[in-house]
Structures are given as structure tokens and as C-alpha cells.
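Keep the viewer open as you read.

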Amino acid sequence: MAAQIAGVFEPELQEKISNAKILVVGAGGIGCEILKNLVLSGFQDIEIIDLDTIDVSNLNRQFLFHKEHVGKSKANVARESALSFNPNAKIKAYHDSITTSNYGVNFFQQFKLVLNALDNRAARNHVNRLCLTADVPLIESGTAGYNGQVELIKRGLTQCYECTPKAAQKTFPGCTIRNTPSEPIHCIVWAKHLYNQLFGESNEDEDVSPDTADPEAGAEAGESALAGEANEKGNVDRVNTRTWAQQCGYDPEKIFNKLFYDDINYLLSMSNLWKSRTPPNPAKWDALEEGGEAAPTDTVLRDQKVLSLTESAKVFAESITALKEDFGKLAEGDHLVWDKDDKHAMDFVAACANIRAQIFNIPRKSRFEIKSMAGNIIPAIATTNAITAGVVVMHAFRVLKGELDKCKSVYMRLRPNARNQLFVPDRTLNPPNPKCYVCAAKPEVTLKVDTKNVTVKELRDDILIKALNMLNPDVILDGKGTIVISSEEGETDCNNDKKLEELQIVDGCILKVDDFVQNYELTVTVIHKDPARDEPSFDIVADPDSLKPKEDEDQKMDDAQPSTSGQNGNSKPTTSGNGAATADDDDDMCIVEEDAEKPSTSDAGAGPSTSSASEKRKIEDSEGPSTKKPRVSNDEDDDDDLIVIN
């Protein structure tokens, strides 16, 4: 191995490299490059973890994988391929999710350094917390097209991954999605919700049925349609969508007529909705044109062509039949997971979105365009992955040498900046945010929540797990000792459906939250709020000072000096009901890579600002193991080289 030859590295560094035990989290585009660099640099003791399996679409940039590896574990194949560079290395692979309880603080403490190459925010937050607790240096990395970023996270020295707020996920009012779509994205979101209603993990908030509570519809919403219920079967009454579909055997014609004819007529009966809008045109199965051109079978042509209503209906029928078969193979209570790379799942969403778009006089899109919008995806660039991974390992060298002060964040850009730099380093290390609810000495947040209507289950699932990224929290009402939520299975299930105020969780009370897996404790101060319609039922405020009376804030702003970002005073990161944090600055680069589950909300196209350290920090999801469930279908869609912004 050339890197082990005397003179390639200074003797002290060479020894540290040989003795260091390294954890690589992720074996995707960046992960493959990092693993290769580590092995060729002489690292002897490496462990790698990744939950995903290899797709055909991975092969053009994840060079450790080949066609014969499709469907196999990324971690295991990456290990085998990396050993071909240096058979003497000791590489241990885990085909598993890093967020399981198997990989706690003790697991992380055995490593000298952790290198992240992840593809989703939840897993990155989790690794961030465990590295902070274990006091192990973490090197974060991410790419988006030609842009990339690498940064060091070290407790007490630098800001952690959660020190600055992430871009808020773009959401749409439910009544817009269900009743009055006006853009292609509205139809795509509706179609993804429908997929979950029929085959996935159903969510009442994502019901695709017409919304009679829409304030624009008026008090007589749907009255004429309801009057006809006795004469029309199963299409207007509010039965469970999946139950109804199962009762009719997932018959494509019946489902088509319910979704695109009966439900549309129901919407038309809400006459107030169409006073200033163009009304939709219902589509009925037997009114579709006979024959017609079949959808292209060629991958490229299929993705680029904008299908007609008749062609989309055929794809709709074919995909439902295939998904019904996949769904029928699952165990009782299990469900499919939507995946942009699953042919039938993507066909279903594309067909439904285009049919609904035509009904509402919205421009239809090609399958490629819908796939991009459905996953918020951008092209992956293999060169960017390689450059990013190279900087990661160079940072690793500095960490091993104890030169942490030299591990400044580095940003890769498509075009040179004003100083003619393609690689833009920060001038200094970014210090920790003293108000961070993760790495502060005493982490705390203020929760503004509707205590009269939010349940304990929603507190656990939507606020603590989804918004605050905990895994299995315990919650105690401070001062009373009441156990509100227990991580022990079944111990507090009786509280799930109770409103918060029923357990005396009201304005001004304090909750002590503990996640044993993450070794993370958080103090939550509760403030009651009465949300308006379409307003989130909760807000999480990381800095309690931001809740001071307006006159106090006005005085502070008068006294404050203008900041370099064009704002007075300090920005206050907050989190809204969808769990995504909001930032005051719009020019931050959000970098991601590869097969993420959840769509991101930031635009990674702009390069990072160099005006302040905090403005550069917000990098999003790169490649690696996701927290998604394994795919049910193995159908491959070798059509493009795409990555997802999470």
C-alpha cells in the first residue's frame, strides 16, 4: 500500500492512521468514495453501516457497485469491493439503520472519528447527538449537484448539526390539495397522499376526499351531492378509502370513477368554490377514448413524454394492478412504502397527478418532471462526490494530528467566487450556539401548543419524535412526578388519546424529557396557544427570549446594531408544526445527496454565502443509510441519475 511507504506521510501521522478506528455512516455516492480513500490512505480498522440495498440507478456514480450487486446490501458489497484495494484492512459492515438502539453511546465511543455520508435529516440529527454525547469528532459532508460542503462537529468547539435552524418544509393547506389545486405540485402531493391511502401508511391528515370544512365552500357544502347518496354507491360517503378499495377488489374502473368523477362532482356541488375559479371537468372511465396509443415502454421515452388522459388512465390501471399484488404479499397490518425508484409506485403517482391536473385545467407533466417534483430531486455529480470525500479524509488527517483549529468548513462551488475560489473555506471555526436545544449545557425549548386539543400521542409522535428527532422518549411532568409518556411498551398507552390538559399539561408547566437511546435530556416549557385555521397546532421555540413582550423586543431592536445579514439583533430559530425549523436568512445553501425518503424544502442551487459563518452552515442530506423501510418491490427503474433533497 503506497500510503504505508515511508515518506508518503510523516511517521507520526502514519502511525495514527494505522491505529485509528473509524466509523463511516453511509455507503452511497459519498460513502463509497470515503471508504476507498480511507483504505488507500492506510486506515486499517474501519466499520461501515448502511440500511439500503443497491439500485440500478446507483451504478453510474457509486463505483464500488456493479450490475451483479443490484438488490444486495450496500454496506456488505462496499466492504468486499474496498478490500480488493487493500486485503489487509479490517472492515466490518452492518446492513442496518444507525438509528436503532443497537448503536448507542457505547458503540460510538469505540471510534476515534465518525464520518457521515447520510441521506436524511433524521439520521444525521441522531448521529450528531450520539457523537456529542460520546465526545467523538464528527465530520459532516453533503453534495447537491456541483455544490458540496464538509465540516467538523466537535462538542464545545464547533456548532453541532442542530445549532442552526434548517429550512422549513414547504407545505400546502389541506383544502387546497383536496378541493382547489391550481399547480402541478398540488396534484402530485394529492397523488402521493392517495398512494398512502390505498397502499401505504395511512394518515388522516392526508385524506384525499373533498374537504367539506373548507371555509370557502360555505355552510351548504356538498349538499346536492349528499342528497344523492341514497342512489349512488360508495363514492360520496366518507368511508375509509382503503377499506372501500379492498371491498371492490382494487378495481381500476371503480377507483377511477370514484376519484375523478364522483368526488369531482361532489366538489362541483360546493358552488362557492367556483365563483372565481374555473370549475373542474369530471372524467369517467367509460367516456375515455377507445384504443389510443399505449404508453411507451422505452425508459427514456416513457419518462419524457407527456401522456394524454387516456394513456394516463391505462398506466393508472396497470400500476394499481401491480401494487395490489405487491400489497397482497405483505403480512397483516404491513404496508408499502412509496419510493421514486419503484416503477409501479412512480407510475401510479404520475398517472394520478396528470389525470387530476387535466380535470382541473392544470398543465400536465412528463413522468421525469413529476418524479423530480415528487422527490425534490436534483442530478448527482460523481465528481462532486469524489472531491467532497477527499476533503473529508483530509479533515480526518487533521483531527488525528490534533489540529482541530484547521478543520474549518469548506464549500465546493460550481463557479469561482469573487476571490476566484472554487473551494471556499470558512475563516474560523463556527462556535456552538449557546441557545442550541441539543448541545447547550442545559438544553431547553419552549413549546407553544394547543393543550386543549393536542393529545399525548401527538405530543410523542409529532412533536418529540418527528419535530425534535427523538427515538423513544420518556416524559415526566415536572413538580408532580406524573409519568406522561414511557418508553416501556404499553406502560402509558392509556394516556395516548388524552388531551394534554387532561393530564394537567397546561400553560406554564414544565416537562422533563429523556431519550435513553440518545442519552439526551430536554426541558420543555409549555405555553398554550389557540391556533387559527390552517395554522400549525404547535410551535417549538429554541430561544425562550423570543417570547418576550413585543415592546421589549422593539426596544432591543432599537438598541441593536445592524447585522451583516441585513437584520437587526439576533435571529431566533423556531420550529413549526411540521417539525422543520425556519431561518431568517434565505441565502443559505442546503446540500443533499441520494436516495432520501422525505422531500426537502430548500433550494440547493445557490452557493453558500461568505458573509457569516452561520449563513454557511445549513447543509442538508447527503448519501448513506436512510431511515426508510426496505422496499417491497424490487422492480428497477434505470432511467436517470437522481438524488433527493430531504
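At roughly what angle do the axes of helix 7 and helix 14 cross?

## Two helices that meet

The axes of helix 7 (residues 184-198) and helix 14 (residues 367-375) cross at roughly 75 degrees and come within 10 Å. Axes here are lines fitted to C-alpha atoms, for helices over the stretch in contact, with angles from 0 to 180 degrees between N-to-C directions. Helix 7 is therefore roughly perpendicular to helix 14 (65 to 115 degrees counts as roughly perpendicular). On the helix 7 side, the contact (heavy atoms within 4.5 Å) is made by Pro184, Ile185, Ile188 and Lys192, and on the helix 14 side by Ile370, Met373 and Ala374. By class, that gives six nonpolar, no polar and one charged residues; Ala, Val, Leu, Ile, Met, Phe, Trp, Tyr, Cys and Pro count as nonpolar, Asp, Glu, Lys and Arg as charged, and the others, Gly among them, as polar.

This is a predicted model, in which local features need pLDDT of at least 70 and side-chain atom pairs count only at pLDDT 80 or more, while totals for chains, interfaces and linings use all residues. Residues are numbered from 1 along each chain as its sequence is written, and side-chain values use heavy atoms, leaving out hydrogens and water.

## The chain as a whole

The protein chain holds 18 helices and 18 strands, which are DSSP runs numbered from the N terminus (helices: H or I, at least four residues; strands: E, at least two). Of its 646 residues, 55% count as buried (under 20% relative accessible area, with a 1.4 Å probe and protein chains only).

## Nonpolar cores

A nonpolar core is a set of buried Ala, Val, Leu, Ile, Met, Phe, Trp, Tyr and Cys residues joined through side-chain atoms within 4.5 Å. The largest has 56 residues, and Phe108, Val114, Val127, Ile505, Leu511 and Leu522 have the most contacts inside it. Helix 5 (residues 121-134) gives the most to this core, with six residues. Apart from it lies another core of 54 residues, among them Tyr266, Ala345, Val349 and Ile355.

## A closer look at Ile139

Ile139 sits in strand 5 (residues 138-144) and is buried, with a relative accessible area of 0%. Leaving aside neighbours within four places in sequence, its contacts include Leu113, Val114, Val150, Leu152, Val392 and Val399. Ile139 and Cys407 are 268 residues apart in sequence, yet 9.3 Å apart in space, C-alpha to C-alpha.

Technical notes. Parallel < 35°, antiparallel > 145°, perpendicular 65-115°, else oblique. Buried < 20%, exposed > 50% of the residue type's maximum accessible area, 1.4 Å probe, protein only.
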